[in-house]
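Colleague: Could you walk me through this model, starting with any enclosed space?

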Amino acid sequence: MTALVEVKGLDKVFGGVHAVEDVNFSVEAGKVYSVIGPNGAGKTTLLNLITGLYTPTKGEIRLGDESTARLTSNQLAERGMCRTFQHMQVCMNMTAIENVMLGLHLRFNSGLLATLFRLPSMRRNEALARERAAQLMDYVGCGDYLASEASAMSYGALKRLELARALAVDPKVILLDEPAAGLNATETAALEELIRKIAEQGVTVILVEHDMKLVMGISDQLLVLNYGRVLAEGTPEQISQNPDVIAAYLGG
Amino acid sequence: MLNQIMQSRLRGVMLLGLILIFLPAFFANPFHYELAIQVGIVAATVVGLNLLVGFAGQISLGHAGFFGLGAYFSGIATGTYGWSSIPALVAGAIAVGVVAWIVGRPILRLKGHYLSMATLAVGFIIAIILENERALTGGPDGMSVPPLEVFGWQLSTFGRYSLFGLEISGVQAWYMVAGVLLVIATWFALNIIESPIGRALRSLKGSEVAAGVVGVNTTKYKSLVFVVSAVYASIMGGIYAHFQGFITPDLASFDFSIVLITMVVIGGMGSTFGVILGAVVIELLPQALADFQELEMAMFGLILMVTMIFMPKGLLPTLNSVVPNITRKKAAEVRHDSTG
Ligand SMILES: Nc1ncnc2c1ncn2[C@@H]1O[C@H](COP(=O)(O)OP(=O)(O)O)[C@@H](O)[C@H]1O
Ligand SMILES: [Mg+2]
């Protein structure tokens, strides 16, 4: 039992809104851990805290042996954490493949001099990055867009592109904020398959999702948030039978 | 794919080189050369500024300040202290780069209007310093600068030189210098854009949040592009000082900063060849409309507004997308005619 991600007494207050309040949980390495709860429950805020976009008002976050609550998102990426967004964050001023290559930034960077003179070392790096990015686009199922501008892609394809970019970081832990939102049933089934494959490769997945069929089918462990507080935690079976959860969420 | 990009980048630079080689065929007198040299120097500056504004999505309303600093560094180092030109240009670039890095760190945290105001203030402060340090700069009256010294030649616009047995005039020699510098400036800019560094810069504009979560140190890259664009301005400012032979603090003025930004905007933010075209248009316009000189700034404001409203992508990208449309429409009409 090794906890890869651990959250203790986490609080985030925005003005008068207590978006996340005294949240505790830990995620074991290699598991799919899902966070559910009604809109406004604080799920996105929780992910933003874990990934370094927000600083907690109070509480502790650990990644492996390290306390990470004060780290920035790029420092967390260096430590093997990456994510996708509920409101997509794709660079529309780039091509599709360049977005994925951006995800390879930490692995295939070149210095300023090598760049200015386009030295062979830089060109080799660039070719490797392009090849790896193309593989990843195939892997997530947007291989048809290898030559496209990002702005020319459909909503569903963009969501997969974002996933490819996150995988490009070669993360130990990946956080997905409502990846199935706006997808149809076929696309959701393909996404479920993909998340399963990612988890099988040993990547820890923290998933925020409204699609109960997807969540219940794929998760090892679930956390239910309500008004920023933990309502329940357990396996999918435990959660689906929890009377509090049924009253507050599943039933309504 | 990679090959294709390589080739298109090469093709662009080669086309620029060819245009620069054949352009003098249209020059009737030395004044045309001088105009072209001036356009080239300013265009190279704008190519650098475009990295910051067009590609990284940041703003600088004080960039003339760095141009002015570079000009005065070269002027003072060569004129007052007797350095030769190239070491002065290099030292000036380093000094201005350091200044940009120091002022950039705090202000680049700001966004939008706040960043505009802060960079505007930087430009003002530099202009004021240049005006008030009379002992060094000669104050508002300006100072004279010795000719550019390259490979032992003293390059003055009034001189006469022989190159590989060919007799060339001073303005022709200067035209070559400006042309080569513009090609190099463009080549470097294109190399930066199509690289991991360039993607990191463009991601600052596309989505700073996304850049951060994939590991781009956004603070570092903002500083980097600010410094790079300031170094472009510094070097071209130094070159300009040698070319004009006389400089005043106006080089660092707010007006000139606005001229530079106008070139980026009308040229099409994020298009390197577009902003060169922008520099050409904005530099030549006052020549064409010499009677309206007092209204120059008002005109630039108007051009800026009209461009932003009707061609938000700028001159070249708009032309690019309109021209194929027209040809396609024509083709469709032809097909229609032949079937109808
Ligand atoms: N940046 C912010 N500033 C102010 N309030 C915020 C911010 N982010 C989230 N909130 C508030 O925090 C609460 C939780 O929001 P969020 O985490 O987005 O919920 P969820 O993702 O579960 O729908 C909401 O009341 C929301 O308005
Ligand atoms: Mg949310």
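Modeller: Grid points are joined across faces, edges and corners, and a volume is the space filled by probe spheres set on the points. This is a predicted model, where local features need pLDDT of at least 70 and side-chain atom pairs count only at pLDDT 80 or more, while totals for chains, interfaces and linings use all residues. Residues are numbered from 1 along each chain as its sequence is written, chains are lettered from A and ligands numbered from 1 in the order in which they are written, and side-chain values use heavy atoms, with hydrogens and water left out.

Colleague: How much space lies in the largest cavity?

Modeller: Searching the whole structure turns up five cavities of 30 Å³ or more. For the largest cavity, the space comes to about 100 Å³.

Colleague: Which element gives the largest share of its lining?

Modeller: Helices (H or I, at least four residues) and strands (E, at least two) are DSSP runs, numbered from the N terminus. Helix H6 (155-168), strand S7 (173-177) and helix H7 (185-200) of chain A each give two or more residues to the lining of the largest cavity. The largest share is four residues, and it comes from H6(A).

Colleague: How many residues of that lining are charged?

Modeller: Lys159(A), Arg160(A), Glu162(A) and Asp177(A) are among the lining residues, and Asp, Glu, Lys and Arg count as charged. The lining also has seven nonpolar residues (Ala, Val, Leu, Ile, Met, Phe, Trp, Tyr, Cys and Pro) and one polar (the others, Gly among them). The charged count is four.

Colleague: Over in chain B, is Thr119(B) buried or exposed?

Modeller: Thr119(B) sits in helix H5 (residues 112-132) of chain B. Leaving aside neighbours within four places in sequence, Thr119(B) has contacts (heavy atoms within 4.5 Å) with residues including Ile59(B), Ile107(B) and Phe226(B). Its relative accessible area is 1%, and the cut-offs are under 20% for buried, over 50% for exposed and partly exposed in between (1.4 Å probe, protein chains only), so Thr119(B) is buried.

Colleague: And how many residues of helix H1 (residues 43-50) of chain A are buried?

Modeller: Among the buried ones are Leu46(A), Leu47(A) and Leu49(A). H1(A) is followed by Gly52(A), with a positive phi near 85°. The helix is mostly covered, and of its eight residues the buried ones number seven.

How values were computed. On a 1 Å grid over the protein atoms alone, a cavity is a set of points where a 1.4 Å probe fits but cannot get out, and a pocket is an open set with protein on both sides within 12 Å along at least five of seven lines; lining residues have an atom within 4 Å of a point.
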